[in-house]
Amino acid sequence: MKNLIYLISCVILLSCNKKDNLNDTNSLKIANQYLTEYYKTKNQKFLEKSYKSLNENTVYKEEGITNDNKELVLPLLMYMKKYDELEKLLQEDTILDKYQKEITSNLIKSLNNQKDMELSKKYIYKNIDLIQNKITSTPNDSLLYTQYFVMKLYLNGRDKTLQEIDSMKAKNPKYSKAYYDYILRDLIEEYPQELLYK
């Protein structure tokens, strides 16, 4: 609706500048490129450049999380530890589904309360309950176990989480060896240290 009003205003006023849309597209593209460079190099300056480009995007400034930017905004703000900013965006968000929003919000609250680890871990346990309920209601969605084991990583560390994956592999032949070894184990082994507790 906002886009339609903008288009009508442009036609009426004959003052619409095509550079606006181009600049928005470019700023998101550049922000994504910088985030990719960060993944490759772990150089903090690329996060800062990505964040600067994101904030040059007028749609992001006006609307927050959108379908076009959500795959950039969520990881970028998590890596930059801008938990309060991300929590505010989630409260205003209308794009993410309730489950995804709740999982992300609980994780942010957990990371934001590391000085009180008992409280911090309560949010992780909330996520585990949410994920287990989702597994019960959609038992064929094997990717839910990726979320489950990431939460267990926050609670128990890498070694114990990998042991739990191996235990599940031995007891549950429903999934392939490749699923356990190359999806679940690889995820936990390679999950970025900078996203975990300090």
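Predicted model: local features only at pLDDT ≥ 70, side-chain atom pairs only at ≥ 80, totals over all residues.
Helices (H or I, at least four residues) and strands (E, at least two) are DSSP runs numbered from the N terminus. When residues up to four places away in sequence are not counted, M78 is in contact (heavy atoms within 4.5 Å) with Y83, L86, L107, I108, L111 and L195.

Local features were required to have pLDDT of at least 70 and side-chain atom pairs pLDDT 80 or more, whereas totals for chains, interfaces and linings use all residues. Residues are numbered from 1 along each chain as its sequence is written, and side-chain values use heavy atoms, with hydrogens and water left out.

A search of the whole structure finds twelve aromatic pairs; rings of Phe, Tyr and Trp (its six-membered ring) pair if their centres lie within 6.5 Å, and planes under 30 degrees apart count as stacked, over 60 as edge-to-face and the rest as tilted. Y145 and Y175 form an edge-to-face pair, with 5.9 Å centre to centre and 70 degrees between the planes. This pair links distant parts of the chain, Y145 being in helix α9 and Y175 in the loop between α9 and α10, 30 residues apart. Y145 is buried, at a relative accessible area of 16%, and Y175 is buried at 13%; buried means under 20% relative accessible area, exposed over 50% and partly exposed in between (1.4 Å probe, protein chains only). Ring pairs also link Y145, Y148, F149, Y175, Y179 and Y180 into a cluster.

Charges were assigned to a position over a ring if NZ of Lys or CZ of Arg is within 6 Å of the ring centre and within 35 degrees of the ring normal. The charged end of K82 sits over the ring of Y51, 4.6 Å from its centre. K134 lies over the face of Y99, at 4.8 Å from the ring centre.

Positive phi values near 60 degrees occur in K42 and in K81, each a residue other than glycine. K42 is placed in the loop between α2 and α3 and counts as partly exposed, at 43% relative accessibility. K81 lies in the loop between α5 and α6 and is partly exposed, with a relative accessible area of 35%.
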